[in-house]
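Morning, everyone. Please look at the sequence and the structure on the screen.

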Amino acid sequence: MTQSISLKVPEELDHPLFFPEKETILEKERFAGWSGTIPFEAFPYELLYYNNVETYAPWTKEALHIKELLEKWKGIDSECSLLFSERKVGQTLGLMKQGIGLFLTAVFWMHGKPVVLRDFRAKIESFPNIPVNLAERLSFILARPAFFHSYRQLSELFREFEKQYVKFMIKNKNSPKNV
């Protein structure tokens, strides 16, 4: 039997797009290890970590899960593209939240850090492997998540980030701590 626990949204993750409520409920056992079925817009590992609940910490695994996150985006990207082409803009917000969550997760985890939404600009600007003008571009996307231009910008950020990820993997290929 899985145990659901109520968690306060920590200061580090306080953002109205992802957490309009100040509390959330998670099944603790589901996050004891890695699961590729996790909805990343909710930042479950970070929620548990910032609430001092012992759990799996994927950001400590170098870039182990980044490729999987990038693959998840490809599915979301296809769905968003179809919805925008059919002018069903009202149906894109949920997918865009997932995509933005995946992107933030990939960027932070590749740099060995849990996601921080509060003052994210200062955090990501210190990261060496990020797309150009990332903070400004993400601010634009977060302010208008369901707009077509935000989708195009997010899609482009993923393309640029994937190149950074490949360079990161090549650069760290001979590192003993590489995945």
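I'll talk about confidence, then salt bridges.

This is a predicted model; local features need pLDDT of at least 70, side-chain atom pairs count only at pLDDT 80 or more, and totals for chains, interfaces and linings use all residues. Residues are numbered from 1 along each chain as its sequence is written, and side-chain values use heavy atoms, with hydrogens and water left out.

Confidence to begin. pLDDT is the predictor's confidence in each residue, from 0 to 100. The chain's mean is 90, and 93% of its residues reach 70 or more. Helices (H or I, at least four residues) and strands (E, at least two) are DSSP runs, numbered from the N terminus. Helix α5, residues 134-143, has the highest mean pLDDT of the elements, 96. Strand β2, residues 23-27, has the lowest, 88.

Now salt bridges. The term means a side-chain nitrogen of Lys or Arg within 4 Å of a carboxyl oxygen of Asp or Glu. How many does a search of the whole structure find? Nine.

Take Lys8 and Glu23. Their closest N and O atoms are 3.6 Å apart. Lys8 is in strand β1, Glu23 in strand β2, 15 residues apart. Lys8 is exposed, at 53% relative accessibility. The cut-offs: buried is under 20% relative accessible area, exposed over 50%, partly exposed in between (1.4 Å probe, protein chains only).

Next, Lys74 and Glu162, at 3.7 Å, N to O. Lys74 lies in helix α2 and Glu162 in helix α6, so the pair ties together parts 88 residues apart in sequence.

Last, Arg137 and Glu160, at 2.9 Å between the closest N and O atoms. This pair links helix α5 to helix α6. Arg137 is buried, at 15%.
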